[in-house]
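Please open the model in your viewer and keep the sequence alongside, so that each selection below can be followed in both.

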Amino acid sequence: MIGYLIKRLAELIVALLIMSLLVFSLARLTGDPVALLLSDYATEEERSVLTQQLGLDKPLTEQYAIFIKAALQGDFGNSISGNRQPAMELVLERLPASLLLASAAMIISLLAGVPMGVIAAARRGAKTDILIRVFTLLGQSIPVFWLGMVFIYFFSVQLGWLPTSGYGSFSHLILPATSMALFTIAAITRLTRVSMIDALSSEYIKLARIKGLPERVIIWKHALRNSLIPLVTYMGTFFAMMITGAVVIETVFSWPGIGRLAYQSILDRDFPVMQAVVLTTTLLFMLANFVVDLIYVWIDPRIER
Amino acid sequence: MLVALGLFLSACNNDPDSGVDDYDRLVVAMPTLGESTFLPWNGSTGRKLYLDPMYSYLIYIEPETGQLIPGIAQSWEVSPDGKTHTLYLRQGLQFHKGWGELTATDVKFSIEQMIAPEAIAGPSSVLRRTIREVRAPHPYTVEVELSIPDVEFIRGYLTNGQSVMIVSKAYVESVGQDEANNQPIGSGSYEMLEYDKDVSITLKLREDNENIWRTSPDFKEIHFLAAPEEFTRVAMLKTGEADLAPVNFDSINVIERSGLQLTYVPRNWTPVVRLGGLTERYNNPDAPWSNQLVRLAMNYAIDKQVIIDSIFHGRGVVAGTDTPSLGLVNIEGFPYDPDKARELLREAGYPQGFSMRLKTFTTSPGAELPIVAQAVALYWEAVGIKVSIEPTNWAGLRSAWITGNATDVAWTHRGFPFTTPLAGLQTSNYSDSLFSTFADNTTDDYLDRIGEELDSDRRQELVMELANYLRDMGSIVFIGHIDEPYGASKKVGRWPTINEQTTNLDMIERATLD
């Protein structure tokens with residue numbers, strides 16, 4: 001187990017280094033933040049001074065070396081816009097909102113997706129199964145931003161039940177979390193359905209049926225437990241995707257998470273914030289998968305070998 | 001069951017609870033709260049909407065007439081050489097929360113902070129170059145000495161059309177810049193109540209209301225909410241979650257159908273097409289539009305009135321300048337004459353037209369720029385100019401523009417009103433300016449002469465001569481001066497904002513509801 005842990009940690013460090021190089025170089029290909037920071041009255045001389053102040057006059061290799069050295073000490077530099085706040089501080093300020101939204105969406109996804117997958121598998125070919133399959137198809141096809149707008153239209157504008165957007169109360173969480181969950185509900189439903197179909201046709205289930213166990217117990221206790229293993233594998237990825245990929249939902253619902261921070265930092269060419277966001281989310285993504293791997297090894301020790 | 005669910009969810013709805021009811025609260029939904037820094041010199045002019053009600057300016061622009069009216073300064077004068085501007089301050093103005101009387105020391109401090117090397121406010125750059133010294137010879141007298149003469153300095157930089165707000169020196173020095181940046185102390189009608197980063201800013205009417213001196217606000221609270229998505233802002237207006245929000249022209253029909261109001265900031269931006277490579281620094285003689293006849297053809301080929309009527313709902317006028325500043329609005333735009341455009345192209349040696357790239361992106365205001373690009377391309381296509389439209393973003397283009405990498409392309413852009421015509425012309429048409437798009441010896445010469453001219457009437461004559469020269473040269477492709485639309489709830493009455501900047505939220509009147 002320790003050997004496995006060391007191997008996975010080494011992979012994580014290498015991936016982070018590659019990602020740091022990618023984000024560092026790609027960010028600089030997209031434009032120059034100096035152009036945005038200068039006022040409309042600026043002169044060439046002021047451009048040179050600002051470029052120097054931000055350290056952007058140095059060769060790229062030197063800039064990267066400075067960045068990596070500081071990043072290893074947890075310093076991602078200061079944002080180059082506004083109050084010049086430390087970049088990592090900005091990310092950490094936004095992280096709780098993103099975690100809250102992702103967790104809520106994940107809970108909704110599991111509560112809806114697993115039972116639907118089980119029911120669809122148990123009634124394979126029946127009308128219920130067809131309905132659920134149509135739902136999953138729609139869930140994975142409907143663009144999230146459009147769904148968010150439809151939810152706002154019905155639940156806020158027409159019915160007046162929920163606020164259109166914002167942050168700070170339970171009611172503000174419902175629409176963005178539900179919009180975000182729809183895709184994952186569909187994915188979890190499909191995964192659960194497929195694994196359940198496999199499980200329900202296995203020998204041990206046949207044996208359970210021969211022994212006369214009630215169908216409810218066979219499905220919800222024996223078959224479901226074994227069907228969850230592939231689902232666990234994907235959970236980490238889903239969760240990380242919800243944290244890192246919520247730009248659209250956060251924009252539509254004015255949710256102050258790291259998705260919006262990332263988007264704004266790209267528009268502002270705010271390299272330090274961009275780098276801090278990407279590396280933090282990469283780390284989160286990899287940690288989530290790492291934890292899932294550990295759970296998987298714990299469930300099925302053969303994987304370690 | 002559905003009704004029960006609805007009631008439960010409605011009960012979960014948390015409105016800000018500060019003891020002020022909806023009737024007394026004005027809620028403004030904004031695409032962004034900007035940098036959310038609260039010291040005037042620590043961020044962009046995008047913060048003016050929420051900073052202006054908290055701070056005061058030396059001089060104000062009268063919304064109806066555009067004339068200067070007293071603010072903190074009750075009178076002012078300019079020395080004969082145009083270099084020393086003396087302001088005589090009103091006595092007895094008090095800062096919020098007992099931070100004392102506003103005096104010349106505070107004014108001197110505020111201007112000095114604005115020109116400090118680390119200041120990043122919009123006018124900091126030009127003020128650093130212009131101001132030699134700020135003096136406070138008397139508690140209620142301030143002298144600003146310039147290094148170059150500028151008889152319009154006060155109108156240009158010390159009014160509420162700009163960002164020189166007056167802060168309490170004692171407060172900033174006592175708590176430090178970091179603290180002062182989060183808890184602003186000004187002398188305006190409102191003071192900060194609550195700030196939730198990237199979510200909301202709440203201002204309340206100052207508690208010592210005997211010290212409210214400039215306005216008679218109708219609302220006890222102004223609540224700013226960040227709502228980056230247009231659809232969401234419109235939905236907030238419909239549900240009553242917001243009373244005022246900037247909207248795109250696309251949303252106007254929806255807002256009208258919803259029984260909401262529309263209010264406009266008059267003529268405060270100008271869609272244009274800029275042409276690369278027309279300055280001495282970044283000159284491109286190979287671009288077809290380096291020929292004046294081609295530029296004129298490009299102007300004649302477009303029916304601007306149709307663009308204004310169809311894209312901007314008629315809320316604008318055809319323009320011959322890119323700066324809707326006082327004095328320049330009367331420069332006549334080019335008429336629509338496609339035959340003349342074809343003739344000019346033939347004369348210029350392009351009888352079959354030519355191919356070109358047009359970059360486009362959105363701004364705020366200016367979400368319509370990509371549609372303007374489509375319309376312009378169709379008009380040009382009709383006279384033989386084949387246009388390839390390339391969507392881009394402002395950051396990338398701005399970077400290319402100032403580094404000489406945009407000399408072979410044209411781009412849609414937004415001109416905006418400067419507080420003086422000279423400031424606008426210096427930015428767009430002076431060789432030394434990083435953001436000039438058309439500059440030659442004539443424009444430089446005019447701008448030098450205008451700057452040195454001490455006689456106001458002669459100065460205005462020179463400004464008009466230069467503006468006419470720029471129009472006749474076809475320096476850019478002019479479209480129109482356009483209003484900026486805001487959706488408003490029925491609670492919102494008259495909003496006396498000014499053309500130079502969107503401001504004066506503290507002067508919005510509450511509509512009388514039937």
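**A helix, an interface and a buried alanine**

In this predicted model, begin by selecting helix H16 of chain B, residues 441-452, whose 12 residues should span 16 Å at 1.5 Å a residue, in agreement with the 17 Å that separates its end C-alpha atoms. Next, colour Thr443(B), Tyr446(B), Leu447(B) and Ile450(B), which are the buried residues of H16(B). When you look down the axis of H16(B), these buried residues fall within an arc of 95°, so they line one face of the helix. In an α-helix there are 3.6 residues a turn, so residues three or four places apart point the same way. Turn to the face directed away from the buried side of H16(B), and you will find the exposed residues Asn441(B), Asp445(B) and Asp448(B).

Now display both chains, where 43 residues of chain B are in contact with 43 residues of chain A. Among the elements that give two or more residues to the chain B side are helix H1 (2-12), helix H4 (124-130) and strand S12 (221-226) of chain B, while H8(B) gives the most, with six residues. Coloured by class, this side of chain B has 17 nonpolar, 18 polar and eight charged residues.

Finally, move to chain A and select Ala102(A), which is found in helix H5 (residues 87-122). Is Ala102(A) buried or exposed? With 25 other C-beta atoms within 10 Å, Ala102(A) is buried. Leaving aside neighbours within four places in sequence, Ala102(A) is in contact with Phe239(A), Met242(A) and Ile243(A).

Methods:
Residues are numbered from 1 along each chain as its sequence is written. Chains are lettered from A and ligands numbered from 1 in the order in which they are written. This is a predicted model: local features need pLDDT of at least 70, side-chain atom pairs count only at pLDDT 80 or more; totals for chains, interfaces and linings use all residues. Two residues are in contact if their C-beta atoms, placed from the backbone, lie within 7 Å. Helices (H or I, at least four residues) and strands (E, at least two) are DSSP runs, numbered from the N terminus. Ala, Val, Leu, Ile, Met, Phe, Trp, Tyr, Cys and Pro count as nonpolar, Asp, Glu, Lys and Arg as charged, and the others, Gly among them, as polar. The expected span of a helix is 1.5 Å times one less than its number of residues. A residue is buried if 20 or more other C-beta atoms lie within 10 Å of its own, exposed if 12 or fewer, and partly exposed in between; C-beta atoms are placed from the backbone. The arc is that of the directions from the helix axis to the C-beta atoms.
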